[in-house]
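Hello,

Here is the structure I promised to pass on. Please open it alongside this message; my notes follow below.

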Amino acid sequence: MRAKDNLRTAAEVLVDQLIVHGVRHVFCVPGESYLAVLDAFHDSALDVTVCRQEGGACMMAEAVGKVTGRPGVCFVTRGPGATNASPGIHIARQDSTPLVMFVGQIGRDMREREAFQELDYRAVFGSMTKWATEIDDPARVPEIVSRAFHTAANGRPGPVVVAIPEDMLTERVAVADAPPFALIETSPGPDEMAKFAGMLSAARAPIMLLGGSRWSQAASDAVARFAQKHALPVATTFRRAHLFDALHPCYAGDLGIGPNPKLIERIKGADLVVLVGGRLGELPSQSYTLFDIPRPQVPLVHVHPGAEELGRVYSPNLAIHATPTAFAAALEKLELPHPLRGAADAAHADYLAWTEKPTEQPGAVNFGAVMVWLRDNLPPDAIICNGAGNYAAWIHRFLRMRRFGQHVAPTAGSMGFGVPAAVAMKRLYPERPVVCIAGDGDFLMNGQEFATAVQYDLPFTTIISDNGQYGTIRMHQEREYPGRVSATELRNPDFPAYARAFGGFGISVERTEDFPAAFKEAQASGKPAIIRLKIDPEAITPTTTLAKIRAKSVADKNR
Ligand SMILES: Cc1ncc(C[n+]2csc(CCOP(=O)(O)OP(=O)(O)O)c2C)c(N)n1
Ligand SMILES: [Mg+2]
């Protein structure tokens with residue numbers, strides 16, 4: 001409770017700073033290390049989501065950062081709370097997502113004794129964050145929280161960890177609030193844009209690749225208008241399909257895992273590659289085989305909001321240090337010295353042909369057909385969340401993302417992301433339909449957050465691809481060690497019963513044709529729901545089976 005002396009506790013100052021910086025939602029698992037903050041939440045305007053494990057809480061904050069471009073915020077306790085949260089921190093790092101995590105810390109007078117759950121957060125999170133720090137002086141809370149928000153959100157965004165010693169939180173101080181943090185746009189210079197215009201209009205087969213963060217719907221729309229004007233093919237990099245409307249006539253497809261071979265051919269045959277916002281990491285670069293390092297064999301224009309990313313792996317012919325939002329705005333005014341007609345029509349036709357129809361696959365449930373049904377039946381404002389596993393290959397291939405923030409999934413490939421992300425999306429946008437798609441292994445990594453969905457009455461539907469295995473690893477196993485199945489088989493719980501035990505709705509689907517009715521029933525239940533799909537373990541990707549992979553591997557080894 002606030003005192004009458006006009007002084008605030010450091011915890012109250014901290015919560016007031018969150019309000020100043022525009023935070024609406026915080027995600028947490030409580031700890032005795034930050035009781036004073038929990039108390040300050042009590043009278044604040046924040047929407048607090050109490051979670052079941054810190055990994056879930058941190059991933060929820062990460063998901064908020066992904067779709068809003070403003071730091072997602074979570075609170076966890078010292079030691080095990082902080083280490084439990086680390087997958088969310090790692091995702092924010094690799095996915096360039098703004099996130100601020102506050103960690104309750106032992107009292108300042110006990111430091112360095114290895115007090116109960118003591119950790120050195122600067123050391124533990126130093127290499128995973130943009131900044132890891134600890135607040136010693138309550139009078140500096142506004143300054144340090146302000147820096148945390150600026151650091152997390154600007155340049156190449158990423159995670160910041162702020163440790164808050166428990167005795168510091170209860171001290172009373174007279175200190176002014178900081179002003180709201182600013183999202184700082186880095187705009188391209190006129191010389192760079194003129195050079196870009198020259199390179200683009202001299203190209204015969206250019207392609208644009210979109211990735212990274214610091215996008216918005218307006219930026220995507222501006223790129224789409226520019227592309228259309230010049231018939232420029234535009235592809236999106238791994239898990240960034242939401243950056244460009246899949247049905248736009250210039251959309252060339254998804255450059256991720258198992259991409260359309262024609263897209264790879266098109267990129268290899270390009271005479272100019274314009275990479276906007278992304279880093280072109282291991283997955284989109286097809287294990288760094290697409291372009292030579294450091295100087296790609298194709299002229300490269302690289303636009304990125306982080307100066308230190310330009311030239312880090314690829315030495316670009318033209319580096320433009322700009323946020324995608326500012327670059328997209330500059331494209332609107334760009335005049336090309338010569339008209340350009342790119343091959344957008346052919347590229348988009350290749351994309352449509354690759355994604356149009358589900359492929360044949362073993363088993364009575366065709367996961368591709370389920371994705372195509374969702375694509376045809378979900379409303380345009382639906383949000384799709386998922387984690388990692390081979391099941392995601394069907395999402396990338398058959399679902400069509402139409403708008404910014406529609407697909408919330410980790411480029412860092414962390415399992416267990418889908419359920420917490422769906423909880424966060426439903427907290428943020430209660431009126432929008434949210435669908436979580438998970439593998440059986442993937443789901444149980446943070447499946448306990450289904451309880452959070454029930455607690456906050458968040459009716460989203462989780463579709464579990466239940467193939468009784470850590471399929472991705474089994475696939476690699478068959479490739480490298482054919483027939484020697486080791487530690488990849490799963491004996492699963494009854495997932496619909498799990499949903500019901502938590503207070504949700506659950507149903508099992510064993511034939512493709514039963515999916516639409518099950519989905520409608522799940523939605524009509526008005527509860528968080530689980531639809532378990534029985535998937536044949538042989539159906540390992542949309543294009544091959546385990547048996548085929550094993551046979552090829554055996555043949556290769558006997559050659
Ligand atoms: C946190 C985490 N642990 C382990 C892995 C390694 N891994 C990648 S995919 C995968 C299996 C995924 O299994 P499942 O969710 O059942 O999906 P499937 O591949 O069977 O479709 C594993 C273990 C990972 N990516 N993330
Ligand atoms: Mg599986």
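Buried here means under 20% relative accessible area. Q469 has 3%, so Q469 counts as buried. D440 has a relative accessible area of 2%, so D440 is buried too. Please keep in mind that this is a predicted model.

**The magnesium site**

Both residues belong to the magnesium ion (ligand 2). Its protein donors are D440 (OD), N467 (OD1) and Q469 (O). Along the sequence, the donor residues follow the spacing D-x26-N-x1-Q. D440 and Q469 link distant parts of the chain, 29 residues apart. D440 sits in helix 16 (residues 440–446). Q469 sits in the loop between strand 18 (461–466) and helix 18 (471–480).

**A helix pair**

Two packed helices are described by the angle between their axes and the distance between the axes. Now look at helix 3 (residues 54–68) and helix 4 (residues 80–94). Their axes come within 7 Å. They cross at roughly 25 degrees. Angles under 35 degrees count as roughly parallel, so helix 3 is roughly parallel to helix 4. The crossing is right-handed.

Which residues meet? From helix 3, they are E54, G55, C58, M59, E62 and K66. From helix 4, they are G81, N84, A85, P87, G88, I89, I91 and A92. By class, this contact has seven nonpolar, four polar and three charged residues.

Best wishes

Terms used. Residues are numbered from 1 along each chain as its sequence is written. Chains are lettered from A and ligands numbered from 1 in the order in which they are written. This is a predicted model: local features need pLDDT of at least 70, side-chain atom pairs count only at pLDDT 80 or more; totals for chains, interfaces and linings use all residues. Side-chain values use heavy atoms; hydrogens and water are left out. Axes are lines fitted to C-alpha atoms, for helices over the stretch in contact, and angles run from 0 to 180 degrees between N-to-C directions. Helices (H or I, at least four residues) and strands (E, at least two) are DSSP runs, numbered from the N terminus. Angles under 35 degrees count as roughly parallel, over 145 as roughly antiparallel, 65 to 115 as roughly perpendicular and the rest as oblique. A crossing is left-handed if the near helix is turned anticlockwise from the far one by less than a right angle, and right-handed if clockwise. Contact means heavy atoms within 4.5 Å. Ala, Val, Leu, Ile, Met, Phe, Trp, Tyr, Cys and Pro count as nonpolar, Asp, Glu, Lys and Arg as charged, and the others, Gly among them, as polar. Donors are N, O and S atoms within 2.8 Å of the metal (3.2 Å for Na, K and Ca); water is not among the atoms, so sites may look incomplete. Buried means under 20% relative accessible area, exposed over 50%, partly exposed in between (1.4 Å probe, protein chains only).
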